[in-house]
Amino acid sequence: MSEFTKEHYKLEGEKLTVFTYPAPVLKQVAKPVVEFNEELNKLVKDMFFTMYHAPGIGLAAPQVGKSIRLFVMDIDFDREKTLNSDGHTEWSFSNFNPMVIINPVFKQKDGEILYEEGCLSVPGVYEDVKRANHVVLEYQDLNGDKQSLEAEGTLAVCLQHENDHLDGIVFLERLSLLKRQFLTKKFLKAKKG
Ligand code: NI
């Protein structure tokens, strides 16, 4: 990961609105990122800020209303509530391992894993999803440089979940029809209040 990415640990940023299912932007196939500029850097920074505070372990650009092929992830950070000097509670974060994945393409997918997933765009819903247990992913970093990543288990699952968002797929759509209909109904009912 580039040095620049480490700046995002500081968690200065803007909290972005996370769109929830069934927002149209979540169903679009996102466009490739072509410009690696300051605007993209700011978006990534704000996405990390939003993800860590949610809290979540992954956030894809379509979830914040940007239909581009980019997601951020951190599958094992620690989060702690602290009281600051003026009496406000705030969150402190440690053990960061932030990842920025741009224009990802799976080169390999094999094995099988059943893993309980959740999603910031489908709050309150958790369900086992079947995914490949081992993946090889090619992508670009924030500088636009080509990178490759081999992952297993939780990391492989998260990469597939986030990549699905870029293809307009939420994890509910990876479930059996019956489960999907049941959970979707339940979620939409809860959302209505
Ligand atoms: Ni998600």
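Predicted model: local features only at pLDDT ≥ 70, side-chain atom pairs only at ≥ 80, totals over all residues.
Most residues other than glycine have a negative phi. Asn103 is not a glycine, yet its phi is positive, at about 50 degrees.

## Two cis peptide bonds

Most peptide bonds are trans. The bond from Tyr21 to Pro22, however, is cis, with an omega near 5 degrees. Pro22 is found in the loop that runs between α1 (3-6) and α2 (38-53).

Ala54 and Pro55 are likewise joined by a cis peptide bond, and here omega is about -10 degrees. Pro55 is located in the loop between α2 and β1 (58-60).

Cys119 and His165 link distant parts of the chain, being 46 residues apart. Cys119 sits in the loop between β6 (113-117) and β7 (127-131), whereas His165 belongs to helix α3, residues 153-166.

Are Cys119 and His165 buried or exposed? Both residues are buried.

Val72 lies in strand β2, which comprises residues 70-73. With a relative accessible area of 0%, Val72 is buried. When neighbours within four places in sequence are left aside, its contacts are Val44, Met47, Phe48, Met51, Ile57, Gly58, Leu59 and Met99. One of these residues, Gly58, is 14 residues away from Val72 along the chain, and the C-alpha atoms of the two are separated by 5.7 Å.

Leu172 is placed in the loop between α3 and α4 (177-192). This residue is buried as well, at a relative accessible area of 1%. Not counting residues up to four places away in sequence, Leu172 touches Tyr21, Val122, Val125, Arg180, Leu183 and Thr184. Between Leu172 and Gly118, which are 54 residues apart along the chain, the C-alpha separation is 9.3 Å.

## The fold as a whole

How many helices and strands does the protein have? It contains 4 helices and 9 strands. Read from the N terminus, the order of the elements is α-α-β-β-β-β-β-β-β-β-β-α-α. The radius of gyration is 17 Å, close to the 16 Å that the globule rule gives for 193 residues, so the protein is as compact as a globular protein of that length. Its C-alpha trace spans about 50 × 40 × 30 Å along the principal axes.

Of the 193 residues, 47% count as buried. Among contacts with a separation of 6 or more, 67% are made by residues 24 or more positions apart.

## Surface and charge

The accessible surface of the protein amounts to about 10,400 Å², and carbon and sulfur atoms account for 49% of it.

Key. Residues numbered from 1 in each chain as written. Heavy atoms only, no water. Buried < 20%, exposed > 50% of the residue type's maximum accessible area, 1.4 Å probe, protein only. Rg over C-alpha atoms; globule rule 2.2 N^0.38 Å. Contact = heavy atoms within 4.5 Å. Areas by Shrake-Rupley, 256 points an atom, 1.4 Å probe, with all protein chains shown as cover.
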